[in-house]
Amino acid sequence: MTDTWEVVIGMEVHVQPRTRTKMFCGCAVGDVNDPPNSHVCEVCLGLPGTLPVINKAAVEACLKTALALNCEIPRHTKFDRKNYMYPDLPKGYQISQYDLPMSKNGHLEVDGRRVRIRRVHLEEDTGKLVHAGDKLHKARESYVDLNRAGVPLMEIVSEPDLRSADEARDYAMELRTLLRAIGASEADMEKGQLRAEPNISIRRAGSSELGVKTELKNINSFRALHRAILYEVDRQSQALESGGQVVQETRGWSDAEQRTFSQRSKEFAEDYRYFPEPDLPPLELDRAWIDEIKRALPELPSVRRARLLDQLPAGQVAVIGADRELADLYETAVAKGALPLPTANWIVNEVAPSGKLLDPQNLAELMKLLDAGSITRDQAREAYFEAVETGRTPAEIVAEHGHKQISDESELRVLAEAVIDANPKAAADYRAGRKQAMQALMADLRKRAPQANPKVANELLLKLLD
Amino acid sequence: MNDLTDLTRLTIREAARHLRLGTFSAAELVTAHVERIERVDHKVKAFLRFTPEVWEKQAEEADRRLRQGDAPPLAGIPLAVKDVLCVRGVETTAGSKILRGFKPPYTGTAVDRLFDEGAVMIGVTNCDEFAMGSSTENSGYFPTHNPWDLTRVPGGSSGGSAAAVASGEAIVALGTDTGGSIRQPAALCGVVGMKPTYGRVSRYGLIAFASSLDQIGPFTRSVDDAALTLSLMAGRDPLDSTSADRAGLDVLNNYSGDVKGMRLGVPREYFEVKGIEPGVKAAIEAALFVLQRAGAELVDVSLPHTDYGLAAYYIIAPAECSSNLARFDGVRYGLSEVDAPNITEQYLRTRRKGFGTEVRRRVMLGTYALSTGYYDAYYLKAQKVRTLIKRDFDEAFKKCDAIVSATSPTVAFPIGSKTQDPLSMYLCDVLTLGGNLAGLPGISVPCGTSDGLPVGLQVLGPQWGENVMFRVARAYEELSGVRAEVADLD
């Protein structure tokens, strides 16, 4: 398939900027688990007579994002109304941006490839419908929760520069890394703070014309994004190869069934009757303010990653460079005297999977204890998590538990002999050439003496068995 | 002042003086108005509903402040509020059945500011549904009658507010003006009605008809009262991004009646509009003569795009209304046809039942004008015309300080005479809507009668130029001796 079809993907990503309040009123941006309609007021309920007021923090987050994505910021921008009726849209229109977005013409580097960004604009989110029964048209009862109505959203639209499911996923992940690094959004996909909608089409390899595209919605993880695109590419190529055609439509992704399904075809697409929002005067963006935001931008992930690559292998950089907190932890701990590679490995193997971060000073201290051979890796792990839980220092914990590592050969020789005596079958197996039998011997040894230096003990067992 | 036995013919200034002198109390003033309403409102039908729970508390508070000696300027003054302005806990329906039973949980800024200044709300006045109309016949409830001739309309859309002031049911009333909805009924009812510069008064709490044109303004019995009321509700509101704090409003000064040396622009197109009545023209020409004799210079000006103004207005206003009225879907408040088989049908049934003919017509016109393929030809073109009309006024104001004309081409017309012909109704706004398209301040003051019915003189000022507009209107009021009077109705 890949040699006959070229995949073309453009991404629309909706991101909830980090703000305290909603886009056009003073209501708090609540949590997913807050009771329905607990963050609403007359403005976001769309009551008659109410008017929107622009949230400056949302504009700032959008400008930050746009600048980090190398976008141009025009002098004038404005909001427009996108008109359609739906029960989750209290005003009967969404305030969005149409022909004069907050920014345009940027780009993002993903694994050395440049993905062009068409625009980044601001809009408001809709509410949420909960149906008792089936979908809206069949449900007996439907409930409207407007906690999310009016929550700010940035829409980041790329050009159709992505050529595979891998690239699309990597693009979305890179975007998340960037948004977190600059503090524009927490970009948590599971909380709906980052929603990716790929526009997918395929064309004959070598063709320069775009095929008919479909847009995918309801994707709530990077894994789902990847799978949905693979599925859709497969579906489209099968359709074309069997003499059929692709219909321009919006399709939903079902995680349960692992397939896409038709939601709305273009013939039934709404005419949104965009027109300038008369309740909000056009925004004239202050150049000095934009320069200030630009100056205050932290180091971008791509720059930091390049610096980390000077010290560490690519595998470790992929993990550490993708997360601002991990990278901060790494760099600060190293600055406080921890060795780079062991610290990076520790972060990759212990910190990243658990999500539990110790302060850099204490991590550096722990790394030094481990490096000096004073404690075992298991002891270090125990001390690490206890330190995270209790806030005490690793040194205190190690001293209190009497953790130490036995590296003394004469002491360990007695132990190794006892292990061989106790496990005659494993010893015989090893001697007969089944090297994996060593694992059973080591396990028994660590059970008898958790504080044994595994490297020295292993060497002793090898020596005794030879 | 007038006969003190009748407390329902006073201006704000007169009433305020007597309230401070202790001639009568706020409670007595309110009671006099309530009794007047009981006598005459079944004839005029200016009010949709009354608010005793509000006026009792407010009158009591006004009397307390008056006794204390720190009463705000409007303390104890009976106020009527058009049914498009939200008042907390008071049913507010925009003259529409679709909002029946809707009680806003908040009070809009303009009304709230007048409450803070001591005004006492008497009730909610009738209007054309969602302020769409020029006769108050499009009310979802009943028509209001002109106090000077009960067989005729009071004008609209703020007909209830104009009629309330003209019939002695309130000393001041609030209206809204999108294409002439304050000035035209003021003219037809013989009272003062004033539309501020767009942005002068916050629209927060005003149930929107056309957001880029709507402004709130007062109906009063004198120019001074209009200036005072405006000054108390004007100014930047953080809840309305289109509102502004601007100079040009030192209304508490006493304007002298002096117009010597002022240049008054007379736009020839406004005197040649289709259907202008000779009697109206004659009354206006007489008024201009009064001003000229007092030393004002009459200058010929031209507003060449006047003919296109009406067309542009009837694209832009419906376009905005089609979007503003989308929220009335029967899901959250007001009328709801819940027995529909599905949501689309629920929308259709609710809106079909809740909206009147004129509202439906404008929603359809606006929806069409914004549709893909028509947007450029209609909405965009109309916005270009709007720019040209603004430019016309800019040019005219280079040659003059204020523009004077009739407010309405006709006097009050018989109820039912235009309801079958929407276009003839739309023509009622031909002299006023330019002010809305250009965002200018305008006032209508009584200037005599034609066939025994009131005629209004319109004075338009430049943007943020309320002062000059008030000065001319006040001068005319003083020089002519023509006052807004209260109809007898007995």
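Visitor: Over how many bridges do β10(B) and strand β11 (residues 453–460) of chain B pair?
Guide: Residues are numbered from 1 along each chain as its sequence is written, and chains are lettered from A and ligands numbered from 1 in the order in which they are written. The model is predicted, so local features need pLDDT of at least 70 and side-chain atom pairs count only at pLDDT 80 or more, while totals for chains, interfaces and linings use all residues. Strands (E, at least two residues) and helices (H or I, at least four) are DSSP runs numbered from the N terminus, and two strands pair if DSSP finds at least two bridges between them. For β10(B) and β11(B), the sense is antiparallel and the number of bridges is 7.

Visitor: Which residue takes a positive phi in the hairpin of β10(B) and β11(B)?
Guide: In β11(B), Pro454(B) is the bridge partner of Thr449(B). The hairpin has 2 residues between the strands, and the positive phi, near 55°, belongs to Asp451(B).

Visitor: Which residue in β10(B) stands opposite Gly193(B)?
Guide: Strand β5 (residues 192–195) of chain B pairs with strand β10 (residues 442–450) of chain B in the antiparallel sense, over 3 bridges. Opposite Gly193(B) is Ser444(B).

Visitor: How many residues of strand β3 (residues 120–125) of chain B are buried?
Guide: A residue is buried if 20 or more other C-beta atoms lie within 10 Å of its own, exposed if 12 or fewer, and partly exposed in between, with C-beta atoms placed from the backbone. By that count the strand is mostly covered, and the number buried is 6 of 6.

Visitor: What is the handedness of the β-α-β crossover from β2(B) to β3(B)?
Guide: Strand β1 (residues 47–50) of chain B runs antiparallel to β3(B), joined by 3 bridges, with Phe50(B) opposite Gly123(B). Strand β2 (residues 78–82) of chain B pairs with β3(B) in the parallel sense over 5 bridges, and Val81(B) has Val124(B) as its bridge partner. The chain passes from β2(B) to β3(B) through helix α4 (residues 109–116) of chain B, and this crossover is right-handed. With the strands pointing away from the viewer, a path from the first strand over the helix to the second that runs clockwise is what is called right-handed.

Visitor: Is Glu60(B) buried or partly exposed?
Guide: Glu60(B) is found in helix α3 (residues 52–68) of chain B. Because 15 other C-beta atoms lie within 10 Å, Glu60(B) is partly exposed.

Visitor: Is Leu366(A) buried or exposed?
Guide: Leu366(A) is in helix α9 (residues 360–371) of chain A. Leaving aside neighbours within four places in sequence, Leu366(A) is in contact with Ala380(A), Ala383(A), Tyr384(A) and Pro394(A), where contact puts the C-beta atoms, placed from the backbone, within 7 Å. Because Leu366(A) has 27 C-beta neighbours inside 10 Å, Leu366(A) counts as buried.

Visitor: Which are the edge strands of the open sheet in chain A?
Guide: The 8 strands follow the order β5-β6-β9-β1-β10-β11-β12-β13 (chain A), with mixed pairing. Each edge strand pairs on one side only, and the two are β5 (103–110) and β13 (259–265) of chain A.

Visitor: At about what angle does helix α2 (residues 165–181) of chain A run to β1(A)?
Guide: Axes are lines fitted to C-alpha atoms, for helices over the stretch in contact, and angles run from 0 to 180 degrees between N-to-C directions. Helix α2(A) lies across β1 (5–15), β5, β6, β9 and β10 (194–204) of chain A, and its angle to β1(A) is about 25°.

Visitor: How many Å separate the centres of domain 2 of chain A and domain 3 of chain A?
Guide: Chain A is divided into domain 1 (5–289), domain 2 (299–401) and domain 3 (409–465), with bounds from an automatic or database domain assignment. Taken over C-alpha atoms, the separation of the centres of domains 2 and 3 of chain A is 31 Å.

Visitor: Which helix gives the largest share of the side of chain B that touches chain A?
Guide: The contact joins 35 residues of chain B to 27 residues of chain A. At least two residues each come from α10 (306–324), α11 (343–354) and α12 (357–370) of chain B. The largest share, 3 residues, comes from α10(B).

How values were computed
Contact = placed C-beta atoms within 7 Å.
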